[in-house]
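Dear colleague,

I am handing over the structure below. My notes on its secondary structure and packing follow it.

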Amino acid sequence: MAPSAGPVRIAYIAPVGFVGGAEVSLLELLRGIDRARFAPTLFCLDHGPLVSRVQALGIPAQVIAMPRRIACLSLRGRRSALWSVLAAGPGSLACVLRLA
């Protein structure tokens, strides 16, 4: 087995900035994560208390402003396909890929 190059970087993406049930679960997961093995970062797609609560745990967190043409896309149903991102306008796919 090859020697480890350090902790595995993990990016968590939260679509909301408020703290609800899923976000409480995320906070608990981040509170207990083994920092020797994992280096988590949170990217939040909206402003709210979630970012500051994650930062209070000593974990990097930031808000990423999504372009309106992407933010308005549905996460359910027919509109969640790749063609929806492409149909949102020129540059939409490039914006999503830059976040990845």
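Helix packing and sheet

α1 passes α2 in a right-handed crossing (the near helix is turned clockwise from the far one by less than a right angle). The helices, α1 at residues 21-32 and α2 at residues 49-56, have axes that come within 10 Å and cross at roughly 15 degrees. They are therefore roughly parallel to each other (angles under 35 degrees). Axes are lines fitted to C-alpha atoms, for helices over the stretch in contact, with angles from 0 to 180 degrees between N-to-C directions. Glu23, Leu27 and Leu30 of α1 meet Leu50, Arg53 and Val54 of α2 (contact: heavy atoms within 4.5 Å).

This is a predicted model: local features need pLDDT of at least 70, side-chain atom pairs count only at pLDDT 80 or more, and totals for chains, interfaces and linings use all residues. Residues are numbered from 1 along each chain as its sequence is written, and side-chain values use heavy atoms, without hydrogens and water.

Helices (H or I, at least four residues) and strands (E, at least two) are DSSP runs, numbered from the N terminus. Three strands form an open sheet in the order β1-β2-β3, with parallel pairing (at least two DSSP bridges between two strands). The edge strands are β1 and β3 (61-63), each pairing on one side only. α2 packs on this sheet, touching β1, β2 and β3, and its direction makes about 165 degrees with that of β3.

β1 (residues 8-14) and β2 (residues 38-44) pair over seven bridges; Arg9 has Ala39 of β2 as its bridge partner.

Regards

Note on methods:
Parallel < 35°, antiparallel > 145°, perpendicular 65-115°, else oblique.
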